[in-house]
Amino acid sequence: MVTPAARREAVAHLCGVHGVSQRRACRAIGVERTSVRYRHRRGDDAAVRSRLRELAAVRRRFGWRRLHVLLSREGIHVNHKKLRRLYIEERLQVRRRGGRKRAWGTRAPMVLPLGANHRWSLDFVSDTLTDGRRFRILTVVDDFTRESLCLVADTSLSGQRVARELDALIIRRGRPLSCVSDNGTELTSMAILRWSQASGVDWHYIAPGKPTQNAFIESFMYGRPPRCKVQSDDVACLGLGAFMYAACVCGPSHDRWP
(Lines give C-alpha, C1' and ligand atoms only; values in the text may rest on other atoms or scores of the structure.)
Protein backbone atom coordinates (compact mmCIF):
# COMPACT_ATOMS: atom_id res chain seq x y z
CA MET A 1 0.00 0.00 0.00
CA VAL A 2 2.15 2.80 -1.33
CA THR A 3 -0.25 5.18 -3.01
CA PRO A 4 -2.91 7.15 -1.07
CA ALA A 5 -5.64 5.58 -3.21
CA ALA A 6 -4.59 2.08 -2.13
CA ARG A 7 -4.59 3.13 1.53
CA ARG A 8 -8.10 4.57 1.22
CA GLU A 9 -9.30 1.29 -0.31
CA ALA A 10 -7.72 -0.66 2.56
CA VAL A 11 -9.42 1.53 5.18
CA ALA A 12 -12.74 1.22 3.38
CA HIS A 13 -12.32 -2.58 3.29
CA LEU A 14 -11.68 -2.77 7.04
CA CYS A 15 -14.64 -0.56 7.80
CA GLY A 16 -17.00 -2.43 5.51
CA VAL A 17 -16.00 -6.04 6.16
CA HIS A 18 -14.97 -5.99 9.83
CA GLY A 19 -17.26 -3.20 10.96
CA VAL A 20 -14.57 -1.12 12.71
CA SER A 21 -14.49 2.64 12.85
CA GLN A 22 -12.39 4.69 10.50
CA ARG A 23 -10.17 5.83 13.37
CA ARG A 24 -9.43 2.24 14.42
CA ALA A 25 -8.86 1.07 10.84
CA CYS A 26 -6.35 3.88 10.25
CA ARG A 27 -4.54 3.04 13.45
CA ALA A 28 -4.39 -0.65 12.55
CA ILE A 29 -2.66 -0.14 9.19
CA GLY A 30 -0.72 2.98 10.15
CA VAL A 31 -2.47 5.52 7.95
CA GLU A 32 -3.17 9.15 8.75
CA ARG A 33 -6.86 10.00 8.86
CA THR A 34 -6.21 13.25 7.01
CA SER A 35 -4.94 11.37 3.96
CA VAL A 36 -8.01 9.09 4.02
CA ARG A 37 -10.46 11.97 4.34
CA TYR A 38 -8.73 14.16 1.78
CA ARG A 39 -10.75 15.02 -1.33
CA HIS A 40 -8.86 16.67 -4.15
CA ARG A 41 -10.15 19.95 -5.54
CA ARG A 42 -8.39 19.71 -8.88
CA GLY A 43 -10.42 20.79 -11.89
CA ASP A 44 -10.80 18.68 -15.00
CA ASP A 45 -8.98 21.23 -17.21
CA ALA A 46 -11.21 20.28 -20.13
CA ALA A 47 -10.37 23.38 -22.19
CA VAL A 48 -6.61 22.94 -21.78
CA ARG A 49 -6.81 19.21 -22.55
CA SER A 50 -8.88 19.84 -25.68
CA ARG A 51 -6.55 22.50 -27.05
CA LEU A 52 -3.51 20.37 -26.17
CA ARG A 53 -4.92 17.47 -28.19
CA GLU A 54 -5.65 19.76 -31.14
CA LEU A 55 -2.12 21.17 -31.19
CA ALA A 56 -0.60 17.70 -30.83
CA ALA A 57 -2.66 16.50 -33.79
CA VAL A 58 -1.31 19.32 -35.98
CA ARG A 59 2.27 19.32 -34.69
CA ARG A 60 2.78 15.58 -34.42
CA ARG A 61 6.52 15.74 -33.73
CA PHE A 62 6.26 18.33 -30.94
CA GLY A 63 6.81 17.30 -27.35
CA TRP A 64 5.23 18.88 -24.28
CA ARG A 65 7.86 21.63 -24.06
CA ARG A 66 7.16 22.93 -27.56
CA LEU A 67 3.43 22.57 -27.06
CA HIS A 68 3.81 24.63 -23.88
CA VAL A 69 5.27 27.45 -25.99
CA LEU A 70 2.36 27.25 -28.44
CA LEU A 71 -0.19 27.37 -25.61
CA SER A 72 1.54 30.37 -24.05
CA ARG A 73 1.44 32.09 -27.43
CA GLU A 74 -2.36 31.69 -27.43
CA GLY A 75 -2.68 33.13 -23.93
CA ILE A 76 -3.15 29.79 -22.13
CA HIS A 77 -0.68 29.96 -19.25
CA VAL A 78 -0.19 26.60 -17.50
CA ASN A 79 2.54 25.50 -15.14
CA HIS A 80 5.05 23.36 -17.02
CA LYS A 81 4.79 20.49 -14.52
CA LYS A 82 1.02 20.48 -14.76
CA LEU A 83 1.16 20.57 -18.55
CA ARG A 84 3.51 17.59 -18.58
CA ARG A 85 1.10 15.66 -16.36
CA LEU A 86 -1.82 16.45 -18.70
CA TYR A 87 0.36 15.56 -21.69
CA ILE A 88 1.11 12.13 -20.23
CA GLU A 89 -2.47 11.51 -19.11
CA GLU A 90 -3.71 12.24 -22.64
CA ARG A 91 -1.13 9.77 -24.04
CA LEU A 92 0.34 12.31 -26.45
CA GLN A 93 3.95 11.14 -26.19
CA VAL A 94 5.82 11.35 -29.48
CA ARG A 95 6.61 7.95 -30.91
CA ARG A 96 10.13 7.13 -31.95
CA ARG A 97 10.83 7.39 -35.62
CA GLY A 98 11.07 4.16 -37.51
CA GLY A 99 13.57 3.29 -40.18
CA ARG A 100 11.25 4.45 -42.91
CA LYS A 101 10.14 8.05 -43.29
CA ARG A 102 6.39 8.44 -43.58
CA ALA A 103 4.13 11.42 -43.97
CA TRP A 104 2.07 11.97 -40.81
CA GLY A 105 -1.24 13.14 -42.23
CA THR A 106 -1.93 16.61 -43.59
CA ARG A 107 -1.27 20.05 -42.24
CA ALA A 108 -3.24 23.27 -42.50
CA PRO A 109 -3.41 24.44 -46.15
CA MET A 110 -1.10 27.27 -47.13
CA VAL A 111 -2.54 30.47 -48.56
CA LEU A 112 -0.92 31.76 -51.74
CA PRO A 113 1.14 34.93 -51.22
CA LEU A 114 -0.47 38.12 -52.54
CA GLY A 115 2.43 40.52 -52.14
CA ALA A 116 6.04 40.99 -51.11
CA ASN A 117 6.87 39.80 -47.59
CA HIS A 118 3.66 37.81 -47.38
CA ARG A 119 5.54 34.51 -47.12
CA TRP A 120 9.17 33.48 -46.90
CA SER A 121 10.47 29.97 -47.51
CA LEU A 122 13.51 28.56 -45.68
CA ASP A 123 15.63 25.49 -46.25
CA PHE A 124 19.19 24.19 -46.03
CA VAL A 125 21.56 22.76 -48.62
CA SER A 126 24.85 21.07 -47.78
CA ASP A 127 28.04 19.95 -49.42
CA THR A 128 31.58 18.83 -48.52
CA LEU A 129 34.83 20.76 -48.81
CA THR A 130 37.97 19.28 -50.34
CA ASP A 131 39.34 18.51 -46.86
CA GLY A 132 36.24 16.49 -45.98
CA ARG A 133 34.50 19.07 -43.78
CA ARG A 134 30.79 19.54 -44.37
CA PHE A 135 29.16 22.95 -44.61
CA ARG A 136 25.58 24.11 -44.94
CA ILE A 137 23.85 27.08 -46.57
CA LEU A 138 20.71 28.69 -45.17
CA THR A 139 18.51 29.96 -48.01
CA VAL A 140 15.58 32.35 -47.59
CA VAL A 141 13.29 33.14 -50.53
CA ASP A 142 10.32 35.48 -50.94
CA ASP A 143 7.62 33.30 -52.51
CA PHE A 144 5.88 36.24 -54.23
CA THR A 145 8.77 38.19 -55.74
CA ARG A 146 10.92 35.04 -56.22
CA GLU A 147 13.91 36.85 -54.74
CA SER A 148 16.72 35.25 -52.80
CA LEU A 149 16.77 37.22 -49.57
CA CYS A 150 19.56 35.48 -47.70
CA LEU A 151 22.40 33.00 -48.27
CA VAL A 152 24.32 32.12 -45.12
CA ALA A 153 27.10 29.53 -45.36
CA ASP A 154 28.76 28.01 -42.31
CA THR A 155 29.88 24.68 -40.91
CA SER A 156 27.25 24.94 -38.16
CA LEU A 157 23.86 26.68 -38.34
CA SER A 158 21.84 26.30 -35.16
CA GLY A 159 18.33 27.52 -34.43
CA GLN A 160 19.69 30.55 -32.58
CA ARG A 161 21.87 31.44 -35.58
CA VAL A 162 18.85 31.18 -37.88
CA ALA A 163 16.87 33.48 -35.58
CA ARG A 164 19.68 36.06 -35.63
CA GLU A 165 19.88 35.97 -39.42
CA LEU A 166 16.12 36.44 -39.69
CA ASP A 167 16.28 39.44 -37.34
CA ALA A 168 18.97 41.02 -39.50
CA LEU A 169 16.93 40.30 -42.62
CA ILE A 170 13.82 41.92 -41.10
CA ILE A 171 15.82 45.08 -40.37
CA ARG A 172 16.83 45.31 -44.04
CA ARG A 173 13.60 44.24 -45.72
CA GLY A 174 10.73 44.24 -43.24
CA ARG A 175 8.77 41.63 -41.31
CA PRO A 176 7.00 38.83 -43.21
CA LEU A 177 3.51 37.61 -42.43
CA SER A 178 4.53 33.94 -42.38
CA CYS A 179 7.45 31.57 -42.93
CA VAL A 180 7.40 28.07 -44.44
CA SER A 181 9.95 25.35 -43.76
CA ASP A 182 10.37 21.63 -43.34
CA ASN A 183 10.62 19.82 -40.00
CA GLY A 184 14.39 20.04 -39.58
CA THR A 185 15.81 20.15 -36.08
CA GLU A 186 17.07 23.72 -36.48
CA LEU A 187 13.73 25.02 -37.72
CA THR A 188 11.64 23.22 -35.09
CA SER A 189 13.88 24.16 -32.17
CA MET A 190 12.83 26.15 -29.14
CA ALA A 191 14.84 29.12 -30.42
CA ILE A 192 12.72 29.36 -33.57
CA LEU A 193 9.48 28.90 -31.62
CA ARG A 194 10.43 31.72 -29.25
CA TRP A 195 11.49 33.91 -32.18
CA SER A 196 8.19 33.29 -33.95
CA GLN A 197 6.28 34.21 -30.79
CA ALA A 198 8.34 37.34 -30.10
CA SER A 199 8.29 38.63 -33.69
CA GLY A 200 4.64 37.77 -34.40
CA VAL A 201 5.47 35.78 -37.54
CA ASP A 202 3.31 32.74 -38.25
CA TRP A 203 5.44 29.64 -38.93
CA HIS A 204 4.07 26.87 -41.14
CA TYR A 205 5.65 23.39 -41.24
CA ILE A 206 5.13 21.17 -44.24
CA ALA A 207 4.21 17.51 -43.84
CA PRO A 208 7.24 15.22 -43.32
CA GLY A 209 8.32 13.55 -46.53
CA LYS A 210 6.49 16.09 -48.73
CA PRO A 211 9.11 18.55 -50.08
CA THR A 212 6.72 19.55 -52.87
CA GLN A 213 4.73 21.52 -50.31
CA ASN A 214 7.76 23.85 -50.16
CA ALA A 215 8.21 23.94 -53.91
CA PHE A 216 9.39 27.57 -54.16
CA ILE A 217 12.57 27.02 -52.19
CA GLU A 218 13.17 23.62 -53.82
CA SER A 219 12.91 25.21 -57.27
CA PHE A 220 15.35 27.92 -56.27
CA MET A 221 17.95 25.59 -54.79
CA TYR A 222 17.97 22.91 -57.46
CA GLY A 223 16.74 24.81 -60.52
CA ARG A 224 18.82 26.87 -62.91
CA PRO A 225 18.05 30.61 -63.22
CA PRO A 226 17.66 31.57 -66.90
CA ARG A 227 19.84 34.69 -66.66
CA CYS A 228 22.76 32.71 -65.19
CA LYS A 229 24.46 30.82 -68.01
CA VAL A 230 25.47 27.70 -66.13
CA GLN A 231 26.91 25.07 -68.44
CA SER A 232 27.32 21.43 -67.60
CA ASP A 233 31.06 21.76 -68.38
CA ASP A 234 31.48 24.40 -65.66
CA VAL A 235 30.09 22.31 -62.82
CA ALA A 236 30.10 18.61 -62.22
CA CYS A 237 26.36 18.38 -61.58
CA LEU A 238 23.31 20.65 -61.68
CA GLY A 239 22.57 20.14 -58.00
CA LEU A 240 24.22 22.14 -55.22
CA GLY A 241 27.18 23.03 -57.45
CA ALA A 242 24.95 24.74 -59.98
CA PHE A 243 23.07 26.47 -57.18
CA MET A 244 26.25 27.96 -55.69
CA TYR A 245 27.69 28.83 -59.12
CA ALA A 246 24.47 30.57 -60.13
CA ALA A 247 24.33 32.48 -56.84
CA CYS A 248 27.85 33.81 -57.45
CA VAL A 249 27.22 34.74 -61.11
CA CYS A 250 23.99 36.58 -60.32
CA GLY A 251 25.81 38.97 -57.99
CA PRO A 252 24.76 40.30 -54.58
CA SER A 253 21.07 40.48 -55.49
CA HIS A 254 21.06 36.79 -56.58
CA ASP A 255 18.55 37.80 -59.26
CA ARG A 256 15.23 36.00 -59.68
CA TRP A 257 14.09 32.73 -61.16
CA PRO A 258 10.87 31.92 -63.07
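At 26% relative accessibility, Arg 51 counts as partly exposed, a class lying between buried (under 20% relative accessible area) and exposed (over 50%), with a 1.4 Å probe and protein chains only. This is a predicted model, in which local features need pLDDT of at least 70 and side-chain atom pairs count only at pLDDT 80 or more, while totals for chains, interfaces and linings use all residues. Residues are numbered from 1 along each chain as its sequence is written, and side-chain values use heavy atoms, leaving out hydrogens and water.

**Exercise 1.** Find the residue with which Arg 51 forms a salt bridge (a side-chain nitrogen of Lys or Arg within 4 Å of a carboxyl oxygen of Asp or Glu).

*Solution.* Step one: the partner is Glu 74, and the closest N and O atoms are 2.5 Å apart. Step two: Arg 51 sits in helix H4 (residues 46-58), whereas Glu 74 lies in the loop between helix H5 (64-73) and helix H6 (80-89), 23 residues apart; helices here are DSSP runs (H or I) of at least four residues, numbered from the N terminus. Step three: Glu 74 is partly exposed as well, at 39%.

**Exercise 2.** Decide whether Arg 161 and Asp 154, which meet in a salt bridge, are buried or partly exposed.

*Solution.* Step one: the N to O distance of this pair is 2.8 Å. Step two: Arg 161 counts as buried at 18% relative accessibility, whereas Asp 154, at 28%, is partly exposed.

Conventions. Helix = DSSP H or I, 4+ residues; strand = E, 2+ residues; numbered from the N terminus.
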